[in-house]
Amino acid sequence: MAEKRDYYEVLGVSKTASPDEIKSAYRKLAMKYHPDRNPGDKAAEEKFKEAAEAYDVLHDPAKRQKYDQFGHAGMNGQGFGGFGGGGMSMDDIFSMFGDLFGGRGGGGGGFSDFFGGGGHSRDDGTGPQEGEDVTLRLDIDFDESVFGSERTIDLNIPGECRECHGTGAAPGSQRVTCRTCGGRGAILGGGGIFRIRQTCPDCGGQGWKIDKPCRACRGSGHVPEAKKISLRIPAGIEDGSRLRLAGKGSAGLRGGPPGDLYVLVRVRPGDIFERNGLDLAVDVPVSPALAALGGEVEVPTPQGVAKLKLPSGTQNGRIFRLRGKGIVSARGGAGDLDARIVFEVPVGLDRRQKEALEAFQAASTQKNFPEAQRLASRAKVFFAHKEKLTGGR
């Protein structure tokens, strides 16, 4: 086990240091190594413990005198409870040293008070309180995302209770201290020296409860309110975009302003186009004969039908880029459209058509199909290599 360091050395003060110097030194170390500022840092945690133990002894005149006379041996049973096995919690620590951090004195400053320096900042439940934000998912068609639209949405959003005017209290009711947290608005969870300070689940962090909640809203201050919300969906909106409607969220309490409404837009896949940002892609089926001879094809775009001239010998899968024919953004600018040529094999041929194809097939030579020739040549090399490797097996 490592030998304990001298308490004066831990705080970085001399043995003649005044109480104010000891207090100041400890406060600096506690601020530096506090677990809230060094999450997961075990070394910082140990330094925080060490500094707290040193301060517990040196700030107390009686303990300090005994320590000066006998050293650590004189502290048996009189050291800092939290580190000496007494099971002292972090809230107890701040109760002892609350004067250092602007806490609430004997009430015990918690983690939130440690760096605040201004005492208790929790809402006392009497003043205006801003309403909560509301998030809504809206599914739209691909076409609507391209061109934009105007929507009217029917919603049930929490509105202010007219019976209690958002206070949550029945007429003549009073506030009583929450028994779960003792009025502090928080409880401690976990175990060991460092425990987690959590919002009280019974009073929601207020530190108090209403003895007679309003019957209409059951003490929440809110009741469901049907509303029609007008929404403009901008042209070019992308899947996953979020639209904000200021002041259209949940009503505030006690005259507080309402929250905001956020609309998460999800775009259904389109039937014609594939999208990548403002760019689009579309498959254009063409006759192999047209691709071989060259000619004109029609390509659908958001702006209408565009004419695309194919050169003779156009291969299957070739992509032609049409500049500025993609999605036009409401913020300015437009993407491109990639027209991908896809050969369509004719079906339902009559006798005359079949005879024409047979005549074409008979008149064709290998040079008319270079890709087939290239495959045959590569296959020949492959099988020759196989013969060499396997010995004809």
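**A side chain and a backbone nitrogen**

Guide: The side chain of Asp 336 comes to 2.8 Å from the backbone nitrogen of Gly 324. Please keep in mind that this is a predicted model.

Visitor: Where is Asp 336 found, and does Asp 336 count as buried or exposed?

Guide: Asp 336 lies in the loop between β14 and β15. Asp 336 counts as buried because its relative accessibility is 14%, and the cut-off for buried is under 20%. Beyond its neighbours within four places in sequence, Asp 336 is in contact with residues including Leu 278, Asp 279 and Leu 280, and also Arg 321, Leu 322 and Gly 324.

**Sheets**

Visitor: What is the order of the strands in the open sheet of four strands?

Guide: The order is β10-β11-β15-β14, and the pairing is mixed. At the edges are β10 (274–276) and β14 (319–322), each of which pairs on one side only. Neighbouring strands of this sheet are turned against each other by 25 degrees on average, direction ignored.

Visitor: Which residues is Ile 341 in contact with, leaving aside its neighbours within four places in sequence?

Guide: Ile 341 belongs to strand β15. Its contacts include Val 284, Val 286, Leu 308, Leu 310 and Phe 320. Asn 316 is also in contact with Ile 341; the two are 25 residues apart in sequence, and their C-alpha atoms are 5.7 Å apart in space. Ile 341 has a relative accessible area of 0% and is therefore buried.

Visitor: What is the order of the strands in the open sheet of three strands?

Guide: That sheet has the order β1-β9-β8, again with mixed pairing. β1 (134–140) and β8 are at the edges with a single partner strand each, so one side of each has no neighbour in the sheet. From one strand to the next, the twist averages 25 degrees. β1 and β9 run parallel and are joined by seven bridges, with Arg 266 in β9 as the bridge partner of Asp 139. β8 and β9 (residues 261–267), by contrast, pair in the antiparallel sense over four bridges, and Leu 245 stands opposite Leu 261 in β9.

Visitor: Which residues is Pro 234 in contact with, leaving aside its neighbours within four places in sequence?

Guide: They are Ser 145, Gly 148, Leu 243 and Ala 330. Pro 234 lies in the loop between β7 and β8 and is buried because its relative accessible area is 18%. Pro 234 and Arg 331 are 97 residues apart in sequence, with a C-alpha to C-alpha distance of 9.0 Å.

**Backbone angles**

Visitor: What volume does the largest pocket have, and which residues are closest to its centre?

Guide: Rolling a probe the size of a water molecule over the atoms shows where empty space is left. The largest pocket has a volume of about 750 Å³. It is lined by 19 residues, of which Pro 288, Ala 289, Ala 292, Phe 360 and Phe 369 are closest to the centre.

Visitor: Which helix supplies the largest share of the lining?

Guide: The largest share, five residues, comes from α8. At least two lining residues are supplied by each of α8 (288–293), α9 (351–363) and α10 (370–390).

How values were computed. Residues are numbered from 1 along each chain as its sequence is written. This is a predicted model: local features need pLDDT of at least 70, side-chain atom pairs count only at pLDDT 80 or more; totals for chains, interfaces and linings use all residues. Side-chain values use heavy atoms; hydrogens and water are left out. Two strands pair if DSSP finds at least two bridges between them. Axes are lines fitted to C-alpha atoms, for helices over the stretch in contact, and angles run from 0 to 180 degrees between N-to-C directions. Buried means under 20% relative accessible area, exposed over 50%, partly exposed in between (1.4 Å probe, protein chains only). A polar contact is a pair of N or O atoms within 3.5 Å; within protein, one must be able to donate a hydrogen and the other to accept it, and residues adjacent in sequence count only if both atoms are side-chain atoms. Contact means heavy atoms within 4.5 Å. On a 1 Å grid over the protein atoms alone, a cavity is a set of points where a 1.4 Å probe fits but cannot get out, and a pocket is an open set with protein on both sides within 12 Å along at least five of seven lines; lining residues have an atom within 4 Å of a point. Grid points are joined across faces, edges and corners, and a volume is the space filled by probe spheres set on the points.
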